[in-house]
Amino acid sequence: MARNKITLEQYIGFRKKKEFGEKRKINVGKIVSFTFLLLFCIVWLSPFIIMFFGSLRGYSDTMLYPKELFYPHSGYTLENYEMLLLGKLPEGIGQVNTVQDYKIGTWFMNSCFSAIGGTLLYLLVASMAAYAFTFIDFKYRNVLFAIIVASMVIPGAATSVGNQSMVYSMGLNRSLLALIIPGLGGVYGMYLIKTFFESIPKDLIESAKMDGYSNFKIFYKIVLPLGKTVLFVQGLFGFMGGWNDLIWPQMLYGAKDTDLWTLQVGMAYIINNSKTSNLIGSALAGGVICLLPVLVMYIIAQDKIIEGMSSSGIKG
Amino acid sequence: MINTDNKAVDGGMEMPTKEAAKILKESGYKISNSEVDAFVSLKDINKIYPNGVQAVYDFNIDISKNDFIVLVGPSGCGKSTTLRMIAGLEDITSGYLYIDKVLSNYTSSKDRDISMVFQNYALYPQMTVFDNIAFPLRARKFRRPMEANVSKAYNQAVDVIEHRKEELTEARQNAKDKALNFGTAVEYVATKLKICDGAAKILCKAKTTDVESIRRIAKIKIEEEKAKLTSKGYSIDKEYRLTKNGEIQYHYVKMSNEEIRSRVFEAAEILDLGPYLDRRPKELSGGQMQRVALGRAIVRNAKLFLMDEPLSNLDAKLRVQMRSEIVRIHEQIGATTIYVTHDQTEAMTMATKIVVMSKGWVQQIGTPGEIYRNPKNIFVATFIGSPAMNIFDAEYDNGRLVFNNGYEIPLPDETISRHNSYYEAKIKDLKRMLSTPDFKKMHALKLLDKHLFGGEKAFDVSSISDDLDEILGITADIECASDVKSAVELIRAESRTDRKALLKLREPLLTFEKIPSSDIGTLHNAQVFSKEEIVVDNTLYYHKPKKKKKNTKLNINLNSTDIEFVNNLYEVANGLLAKCESALVGRHPIRVGVRPEDIVLNSEFEGNKTEKFVTTANIVELLGSELLVHSEFAGSDIIAKISTNVLIKPHTDVELAFNKDKLLIFDESCGDRI
């Protein structure tokens, strides 16, 4: 066959490819949906952008908002952060309306303790409860579980006053443990973990039982390694919840116990104190400080979170 | 937990409750029975699920050591439930289970010393094959002699350095190069040089291979340990075991790593799993996963192996291969095995003893040959064997079998006498059954319920007077007679009566004792295997959960006891009796079974055969060495298995005959083999 000749069989495929490559159909639906998504993306991102750039503007620039959002005429400055973290007031600010010192470091540590410690402890309690509800046959198991799940409908705000008085009567009103303990009875995470545990074949547990393993050993040797992903997802949820919680720590600790405040309570206080428009920068800087750990954590664990969420069937 | 040191007490003794508690506590809840002789023994095992469905009826079997028992039956026949009850994964409702002559009903599954292979392998996905197989070994503590570990390690280490220096350097080099299947270099060196882990650790950590320096350290350490042990009163013998007053001391410890390794390698060798030890189950094929599951079961040297349809997830070729593999392993390690399957081929090829089950009832127990040649009833006959046995409807007429196309087979005298004695025995048995109080009560109930649930609300006493008389007559000699009598008198006191009064009469009749399970089994088979179209409810009776009835119109609880009879056993028994009686008199329907290989070519077969018959071969299947000829005879499809010496073409006429010695006759009404 000559070089420049092709068979009809080949030509059909060739033409198809050519068509596909050159005249790709313009998909209107795709463009519309893309535009909408982009729009929402911008709307979603804009507060973060404003927050970030706003926090970098100096004390004297803040009045020129929003005209100079991205290009403050006196340049970017870290004075807002200095004010929050080091207590160094910028020049010419005069009398700042502070009653309490900003103890960002302490608040940060408190938040970490509440979020990380609470999450770990909750994971332990919830996964053990989920194991018991899934694999151990005890009397009234289903009834008990139904009651526990039914308690999910009671809003947290309704029980918070009761929780508060209980924690106080336990003598924990001056202790950080009060941040953690009431949360350990949470149902949602336990329910999530239980749903995942139910997908573990019962054979594995029965086989291990026949080999002579106790429930606790089966729990940490078989069920926990298999349930890693769901524990990770629940861990993230728990961390976010603990980190972002404002009402509960605010209820627990009074205005004078600044050493016990969490970052969120502190931030609320800072924002309260920054109501004059020239102090807006410090409030925004506070927001960035709050956001940063969660953001960093998300970026590190992004893959695992997505994998875990899809495997445990959580949407959105 | 059962304390293994205690001696078992005989469970058959009778004594007051208090004493029983005391004796049980002393013996560590270990009970034996002098009558139980077999290695594993199931006595009258019943399983009723909480929802009232009875899955297993009176399972009885004695299993001796090294047996390979196969439970076989269609799905839903209770074979897996039985296995799970033996394994301790399912509670036993009633009956006794003896494993190694110890009552094991209430021991937890981990204390029964059983290992099990599951249908879906149940491998731990996060562990390697090695860890999977080693998993059962890491669970519990074993009785081992106490050892002087430090002395042992140092002595071995010194020994290796002195005499096997080249080996050591080679092993250490290899350990660095490739960790092979081992987690750590220490483990590799220990396995390679066949020394304990402690010694390997010393050798790996030692910076020099200078004999003198290591010997110096060893001396100090050994002296230290010796001083410590002698202060406690122990002395060390040649094999580093600790002795006290001349006796070797034992303690319960976890299995050492080197022992686990040697056991896992041994199992892996038996199963050809060597190259896969460091893989995870995900990376294995189905057959390999199955072998790992087997390895996990055999590594523990358990008393009893249980296998729950282990081959059903494999493809056909692999299944055949694994079948012989399992038989080979069974012969190699000789463990007693109970194997569950729905595949009769597996059962026939693997078992030393087959248990055929149907709908919770054991139909027959026997060796494969026995079951194939002498099936007890029509279910076993058709279930075992492939292709299935041909069943014809025929009539028995004074020693002749008459098929419905007029074909006749005269039966030998021996068969005729067996036929007669079978029916005589059956009649005797049914009469005994019907004379028991429970059946009498059921008879009375039948008479009563005719009126009670007839639709009317009130009756004239005169209209039911005859039946009342009959009820009185039936119940005259059983223990509730006086109650019945008083109830009847109460009814007769007035001219008209209503349902309330009749229900009063029903109450004493509803108190059943236990009907022997063998009787229920007979009647169950009579319903399931008979040709008559009865609406068969497979649950003959069940324990109705006590529940308050809401909104009853009558305002009376109809279920005065907790047993409700779904089927009318009395009617079934009565019908069976009538049929058996008529069978002895004259012509009666019967079923004839012929195995495919016993339908022979008339021209080929030389033995004792029946008259030839001509039929058209509809389909001919070539199986290589044999032909399967599908054709029709006497109104039913038949399959004949014929050797390929003669080529038979489809849609041609063939001359066939039955092998007369192998004809099987089944009773029409209850499916039993005559």
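The buried residues of helix 16 of chain B are covered by, among other elements, helix 15 (413-434), helix 17 (465-474), helix 19 (499-509) and helix 21 (569-585) of chain B. As with everything described here, this comes from a predicted model. The residues of helix 16 of chain B that count as buried are D438(B), F439(B), K440(B), K441(B), M442(B), H443(B), A444(B), L445(B) and L448(B). Helix 16 itself takes in residues 437-452, 16 residues in total. From its first C-alpha to its last, helix 16 of chain B reaches 22 Å, close to the 22 Å expected at 1.5 Å a residue.

Helix 9 (residues 257-271) and helix 10 (residues 286-298) of chain B have axes that come within 9 Å and cross at roughly 135°. Angles over 145 degrees would count as roughly antiparallel, and 65 to 115 as roughly perpendicular; helix 9 and helix 10 of chain B are therefore oblique to each other. The crossing of helix 9 past helix 10 of chain B is right-handed. On the helix 9 side, the residues that meet helix 10 of chain B are A267(B), A268(B), I270(B) and L271(B). Their counterparts in helix 10 of chain B are R291(B), L294(B), G295(B) and I298(B).

N66(B) sits between strand 4 (54-63) and strand 5 (68-72) of chain B. This residue has 14 C-beta neighbours inside 10 Å and so counts as partly exposed, since a residue needs 20 or more to be buried and 12 or fewer to be exposed. Leaving aside residues up to four places away in sequence, N66(B) touches G334(B) and T336(B). The C-alpha atom of N66(B) is also separated by 15 Å from that of M307(B), a residue 241 residues apart from N66(B) along the chain.

Stepping back to the whole chain, chain B contains 21 helices and 31 strands. Its radius of gyration is 35 Å, well over the 26 Å that the globule rule gives for 674 residues, so chain B is more spread out than a compact globule. Along the principal axes, the C-alpha atoms of chain B fill a box of roughly 115 × 75 × 45 Å. Of the 674 residues in chain B, 34% are buried. Among contacts in chain B with a separation of 6 or more, 69% are between residues 24 or more positions apart.

Conventions
Residues numbered from 1 in each chain as written. Chains lettered and ligands numbered in written order. Predicted model: local features only at pLDDT ≥ 70, side-chain atom pairs only at ≥ 80, totals over all residues. Helix = DSSP H or I, 4+ residues; strand = E, 2+ residues; numbered from the N terminus. Rg over C-alpha atoms; globule rule 2.2 N^0.38 Å. Contact = placed C-beta atoms within 7 Å. Expected span 1.5 Å × (residues − 1). Axes fitted to C-alpha atoms, helices over the stretch in contact; angles between N-to-C directions. Parallel < 35°, antiparallel > 145°, perpendicular 65-115°, else oblique. Left-handed = near helix turned anticlockwise from the far one by under 90°.
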